[in-house]
Amino acid sequence: RAKAVYFLAHWCPHCQEEVPNVVELVEEGRKPDALDIYAVSTSVDPSRGNYPPVRWLDIEEFTFPVIRDSDASEAFAQMGGQGFPYTIYVDADNNIVARSSGELEPAAIQSIWEVAAGEVGGEGDSE
């Protein structure tokens, strides 16, 4: 199955804007059926806002599977993370078909989801 994997920092204002957009798109039925959503909580810092991240994500009703990155944010670095939110979009063959760094508008999120799910042609990076 296709996947969108969000790397989120609880203290990041852009993540705080994008998470509700993702939730709203899903609630509106605009997520392709063939796409799963996951998140990695990264760059966790107890001294910054929205700590702990799980509470923030619960408040936002982000009900997708979330794992915590290492204290050194190794998963974020290994996947090429450059800024927040950072998202990789993977097709059903587990190929990365796009990446995005920074907050996206809902229409852009939906468009990249559709590419990953194989609903439209094309591929590339959206950085």
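User: What makes E2 and E3 a pair of strands?

Analyst: Strand E2 (residues 35–41) and E3 run parallel and are joined by three bridges. A pair needs at least two bridges found by DSSP, so these strands pair. A strand here is a DSSP run of E with at least two residues, and strands and helices (H or I, at least four residues) are numbered from the N terminus. In E3, Val40 has Ile67 as its bridge partner. Bear in mind that this is a predicted model, in which local features need pLDDT of at least 70, side-chain atom pairs count only at pLDDT 80 or more, and totals for chains, interfaces and linings use all residues. Residues are numbered from 1 along each chain as its sequence is written, and side-chain values use heavy atoms, leaving out hydrogens and water.

User: Which residues of H1 are called buried, and what do they pack against?

Analyst: Buried means under 20% relative accessible area with a 1.4 Å probe, protein chains only. Cys15, Glu18, Val19, Asn21, Val22, Val23 and Leu25 are the buried residues of H1. They pack against E1, E2, helix H2 (53–59), E4 and helix H4 (106–116), where contact means heavy atoms within 4.5 Å.

Terms used:
Buried < 20%, exposed > 50% of the residue type's maximum accessible area, 1.4 Å probe, protein only.
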